[in-house]
Amino acid sequence: MSTDVGARGGRAVSTGAHQGGADQSHTAAWSEPVPVPAEEAARLLTLLTHPIRSKILRTMVHGEPMRVSDVAQAVGEPANSVSYHMRALEKAGVAQRHVPTEGGDGRETWWVIPDWTGLSFDPASIRQLPGGEAVVAQFEQAEAAQILELFSVARLEATEALGLPGLRADGPLRLTREEAQAFQEGVTALISRAIEASRRHSRAGDDDGERAYAYDYRVALLAAVDQPDAPSAGSAS
């Protein structure tokens with residue numbers, strides 16, 4: 001079974017988990033990851049699961065060009081460190097240098113992650129490679145840490161302390177197929193509107209007269225794996 005990671009235009013949120021010896025795949029309905037061979041996937045996973053590069057990827061995944069200084073401020077890292085990691089992402093074919101048609105003075109490098117679709121890989125194949133077990137384990141640990149960070153009570157309290165709206169929600173649900181479909185479509189529509197607003201603010205910068213704040217989000221609606229009475233993919237109910 002494959003696992004997907006990455007994003008297309010800021011629309012994909014996916015996690016891979018390894019539980020009870022079985023590789024599970026969790027992918028948001030709006031993602032379109034590209035399958036890659038095990039060797040290439042192992043190389044990219046090693047690159048992308050670095051904590052700073054992971055933050056850079058989440059910050060820039062909407063596809064809008066950003067200056068190094070803006071990325072550094074968004075991820076809370078020094079500009080020289082961000083430049084180093086951007087060059088690593090460029091070498092991997094994930095990031096590209098960008099020449100702005102207006103607003104650039106040539107003194108600072110601009111970068112863009114252009115419609116990266118992410119990658120889809122088979123954890124079992126990677127585990128068979130030399131050092132593959134460590135690569136998959138590192139990916140799973142990074143994903144788990146990211147989920148815990150985004151859903152932590154401390155993050156929500158810090159958001160509220162800033163006087164900003166925030167949300168933390170997780171727990172079990174019991175839904176019919178139609179209710180789950182409505183949930184998926186409703187959340188997808190909300191995220192799409194938020195992404196469009198984020199792109200608009202990124203293009204306008206501080207010139208639109210309204211302060212925009214940086215947020216993290218991660219959404220998953222995942223059916224329990226062990227459901228012997230669940231209908232097959234081709235079933236109507």
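Buried means under 20% relative accessible area, exposed means over 50%, and partly exposed lies in between, using a 1.4 Å probe and protein chains only. By that scale Tyr213 is partly exposed, with a relative accessible area of 42%. This is a predicted model, where local features need pLDDT of at least 70, side-chain atom pairs count only at pLDDT 80 or more, and totals for chains, interfaces and linings use all residues. Residues are numbered from 1 along each chain as its sequence is written, and side-chain values use heavy atoms, with hydrogens and water left out.

**Overview**

- The protein chain has eight helices and eight strands. Helices (H or I, at least four residues) and strands (E, at least two) are DSSP runs, numbered from the N terminus.
- Of the 237 residues in the protein chain, 34% are buried.
- A contact means heavy atoms within 4.5 Å. Among contacts in the protein chain between residues at least 6 apart in sequence, 64% join residues at least 24 apart.

**Confidence**

- pLDDT is the predictor's confidence in each residue, from 0 to 100. The protein chain averages 75, and 72% of the residues score at least 70.
- Confidence is highest in helix α4 (residues 79-91), at a mean of 92, and lowest in strand β2 (residues 14-19), at 32.
- Residues 7-32 stay under 50 in pLDDT, and the model has 77 contacts beyond four places in sequence for them.
- Residues 233-237 are also below 50; this stretch has four contacts in the model beyond near neighbours in sequence.
- Where pLDDT is low, the predicted coordinates should not be read in detail.

- Helix α2 spans residues 51-60 and includes Ser54.
- Ser54 is buried, at a relative accessible area of 16%. Leaving aside neighbours within four places in sequence, Ser54 is in contact with Leu48 and Gln146.
- α2 and α4 pack at an angle of about 80°, with their axes 10 Å apart. Axes are lines fitted to C-alpha atoms, for helices over the stretch in contact, and angles run from 0 to 180 degrees between N-to-C directions.
- That makes α2 roughly perpendicular to α4. Angles of 65 to 115 degrees count as roughly perpendicular, under 35 as roughly parallel, over 145 as roughly antiparallel and the rest as oblique.
- On the α2 side, the contact is made by Ile52, Arg53, Ile56 and Met60. The α4 residues include Ser81, Tyr84 and Leu89.

**Helix α3**

- In helix α3 (residues 68-75), the buried residues are Val68, Val71, Ala72 and Val75.
- These residues cover an arc of only 100° around the axis, which puts them on the same side of α3. The arc is that of the directions from the helix axis to the C-beta atoms.
- Their cover includes α2, β5 (66-67), α4 and β7 (110-112).
- Gly76 follows α3 and has a positive phi, near 70°.

**The three-stranded sheet**

- Three strands form an open sheet in the order β5-β7-β6, with antiparallel pairing. Two strands pair if DSSP finds at least two bridges between them.
- β5 and β6 (96-98) stand at the edges, each with a single partner strand, so one side of each is left without a neighbour in the sheet.
- β6 and β7 pair over three bridges. His98 stands opposite Trp110 in β7.

**Tyr213**

- Tyr213 lies in the segment after α8 (177-204).
- Tyr213 and Ala74 are 139 residues apart along the chain, yet their C-alpha atoms are separated by 9.8 Å.
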